[in-house]
Structures are given as structure tokens and as C-alpha cells.
Amino acid sequence: MKRQNVRTLALIICTFTYLIVGAAIFDALESEEETRQKKDLSLRKGKLLLNFNLSSADFEQLEKVVLELKPHKAGFQWRFTGSFYFAITVITTIGYGHAAPSTHEGKWFCMLYALLGIPLTLVMFQSVGERINTCVRYLLHRLKKCLGMRRTEVSMVNMVIIGCISCMSTLCLGALAFSHFEGWSFFHAYYYCFITLTTIGFGDYVALQNDQALQNKLDYVAFSFIYILTGLAVIGAFLNLAVLRFMTMNAEDEKRDAEQRALLSHNGQAGGRFHCSVDPSSAASTPSGCGAVGGSSGAASRGLRNVYNEVLQFQSMCSCLWYKSREKLQYSIPMIIPRDLSSSDTYMEQGEAFSNPLHSNGCMCGLQHHSGISSVSTGLHSIMTDRRLNKRRSSI
């Protein structure tokens, strides 16, 4: 099974296990409190019905009116400031639920607005987060140089630590501000900031909902908008660093598999010997023509030539260049390049003499023996046997 599929299956199993564990813990923590609150509210409802001589229908009507009046405590929700606040909660997927469109036209526009706005916002925050990470990495590198540290490169651990500190600082700053403006405790304000900046948005705590704040406290409104957008950018930077790096692993595996398939795609068809000619005066090391000699078809010849060209993107057929680039090949196609070929000193020891006196730098292009590259794939095992490869150019 491909490792991408194994990773995906493992993630699915871990997610559902995490859900089951979370459900069990929430059940243990909240179920008894919910039962107690329900009994308490039932007793209070009975006292209200008795004291004010209300019927059940009257009480339900009163309850409905109270719930509908609650959003209006903040002032006019659909003036520009309130609409801007609502638009932020839509495109950032916070969705407090403190306000919702009541007209059919407003609901239609909300769906269309979110359809375009949510992807745009996600891309924007991701791009801003990437720029923040780049700036932090540069500043940290400069700081290490100024401190005279021996290793000035910025590691992933450094970036994760900076990201955690930034997130905690943002949450604490917001908790201090909202506890002052809203009269909440520090813990409840911190809880609100966390639920908001992670875009969970339960709606049990919502800022700007008291004392006509949307119209009467414009400085507080501006601070809330700036804090939410800035905090989402900081959280986006941390997610860019910690989560999306893991998400790209499947793409990297797919690229590696594509490289492996490029090397192995024509192994079954290119079993015969191939005749490849190289122009000695050419500035490139790509064969000028390859043809099947042992009965292989023209398509197989073209396929092998494409595979050959793809291999040449990593190294030359010259043994000394193969030695210099073996780490790159092992990283890109580790399942193709065997370990015993990782050091071409073995092949260099087998040489007798240079066929071209111009190759005085230790290049082994002129040897009669096969170089390490001839063992990259079974379909390429006969390329180096042609005598004309000994007439390669003096500069590669």
C-alpha cells in the first residue's frame, strides 16, 4: 500500500479516536451540570408562571420576544458597523450567531458572499502568515548573527517556539482588553479570544453586544475589528508553520513516486540493447539519438530516451559527477538507487587509465567498465557499453 494511503488511513483513525475520547470527556464533565441546570430552570419557570399568573402559551410567547430582543442590546446590528462585524464573522467562518439575515434577499446574498469570501480570506491569511514567517525567520537570523552565535541558521524548532509565544501573547493581550471593556473575568475573556481566533465561534461570549456599543463605542469597535483580523493572521502564520508542512507530505510523496515511475515505466519494453550516439562537439550531455537494437519498438526507444533525459537532470553519466550528486539522487529516488552505489569510489578504483588525456581532473568517463549510473535502472544497463560514449567532450 502506498504510504500516502497509509498516512491518510492513519489520520482518519486518529481523528475518529480523538472524537470518541473527546465525547467521553465532555460527557463526564458537562452532563451532570446540564441536568442540574435543566432542573433549576424548570423550577424557576414554574415560579414565574405562578407569580405572574401566566399560561404556558403566554410564557412561550414572552420567551420568544426576549430572545429576539437580545441582539438589539448592541444597537442596530445592520447599520454599517454592525454589518461590517457580521461580514467579518462570515468570511472568517467564526459565525457567532449573534445576528443573522432575516430577509430572503439577505440570505441569498449571504450564501453568495460566503462562497467567494471564504476562499479569498483563507488564501489571504495563509499568504500573510507565510510573509510573517519569512520576516520572523530573517529577524531571528540577524539576531543570531548580532549575538555572535556559531550557528545562525533558523531551525524549525526556533520557528515553532516563536509561533507559540506569538499566539500566547496575542491571546493574553486580547483577554486583558476584553476583560476590561466587557467586564468579563480574565479566564472568560481568554476563552472568548481562543474560540474567536480559532474560528470556532460558539456565540456564548460575543463582544460588542452591550450598551449600544456598535454606535456609542467606536474606538472599542475599531479595536475589536483590528484585533480579530490581526489575531487570525498570527494564528494563520502558526498554522502555516505547523500544519501545512505536514499537509505537503502527500504532495512530496506523489512527486517522488512520479520520479520512480519515470525511471521504471519502460523497463519491461526496453530489455534490448540500445544504440545511443553522442555528439562530441555538443555542449550538452544528452544523447543525440537512441534506437532500439535488440528488437525493441520505436515507442520503447523514445520512452527510454525520455527516462535517460530525466536521469540526466540529476547527474552526468560521468562517474565523478555521479559521485558528487549521489546524495541528490538518493533523496529524490531512494528506492531506485541502491546503497552500494552511493559511493562511486568503488567504480573509480576499477579504472585502468584515462582514454582522453584532457580529462586530467580525475574524470572516469573513458573507462571501459560500467559506471554507477548504469545500474540505476535495468532498462539503462546497456547504455554505457557503446564505444562512442568514450568520445565524450572534454568539458561537461
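Biologist: Is F16 buried or exposed?
Modeller: Keep in mind that this is a predicted model. F16 sits in helix α1, which covers residues 3-51. Its relative accessible area is 52%, and the cut-off for that class is over 50%, so F16 counts as exposed.

Biologist: Which residues make a nonpolar surface patch of about 310 Å²?
Modeller: Happy to show you. F16, with a relative accessible area of 52%, is one of the members. The patch is made by I12, F16 and L19.

Biologist: How far apart are R36 and E33 in terms of helical turns?
Modeller: These two form a salt bridge, with their closest N and O atoms 2.5 Å apart. R36 is partly exposed at 47%, and E33 is partly exposed at 30%. Because they are three residues apart in helix α1, their separation is about one helical turn.

Biologist: How many salt bridges does a search of the whole structure find?
Modeller: R36 and E33 make one of them. R131 and E130 meet in a salt bridge at 2.8 Å, N to O, and E153 forms one with R151, also with 2.8 Å between the closest N and O atoms. A search of the whole structure gives a count of three.

Biologist: Does R151 count as buried or exposed?
Modeller: Its salt-bridge partner, E153, is partly exposed at 41% relative accessibility. R151 has 61% relative accessibility, and the cut-off is over 50%, so R151 counts as exposed.

Biologist: How many disulfides does the structure hold?
Modeller: A disulfide is a covalent bond between the sulfur atoms of two cysteines. Take C172, which is partly exposed at 29% relative accessibility: the closest cysteine sulfur, in C193, is 9.1 Å from the sulfur of C172, too far for a bond. Two cysteine sulfur atoms would have to be within 2.5 Å. For the structure, the number of disulfides is zero.

Biologist: Which residue has its backbone nitrogen 3.0 Å from a polar atom of the T103 side chain?
Modeller: T103 is in the loop between α3 (80-91) and α4 (104-146). It is partly exposed, with a relative accessible area of 41%. The backbone nitrogen at 3.0 Å from its side chain belongs to G106.

Biologist: What share of the residues in the protein chain is buried?
Modeller: The chain has 14 helices and two strands. Its accessible surface comes to about 24700 Å², with 63% belonging to carbon and sulfur atoms. Of its 396 residues, the buried share is 35%.

Notes. Residues numbered from 1 in each chain as written. Predicted model: local features only at pLDDT ≥ 70, side-chain atom pairs only at ≥ 80, totals over all residues. Heavy atoms only, no water. Buried < 20%, exposed > 50% of the residue type's maximum accessible area, 1.4 Å probe, protein only. Helix = DSSP H or I, 4+ residues; strand = E, 2+ residues; numbered from the N terminus. Polar contact = N/O pair within 3.5 Å; in protein donor to acceptor, adjacent residues only side chain to side chain. Areas by Shrake-Rupley, 256 points an atom, 1.4 Å probe, with all protein chains shown as cover. Patch = residues over 30% accessible without salt bridge, like charges linked within 9 Å, V, L, I, M, F, W, Y side chains within 5 Å. Salt bridge = Lys/Arg side-chain N within 4 Å of Asp/Glu carboxyl O.
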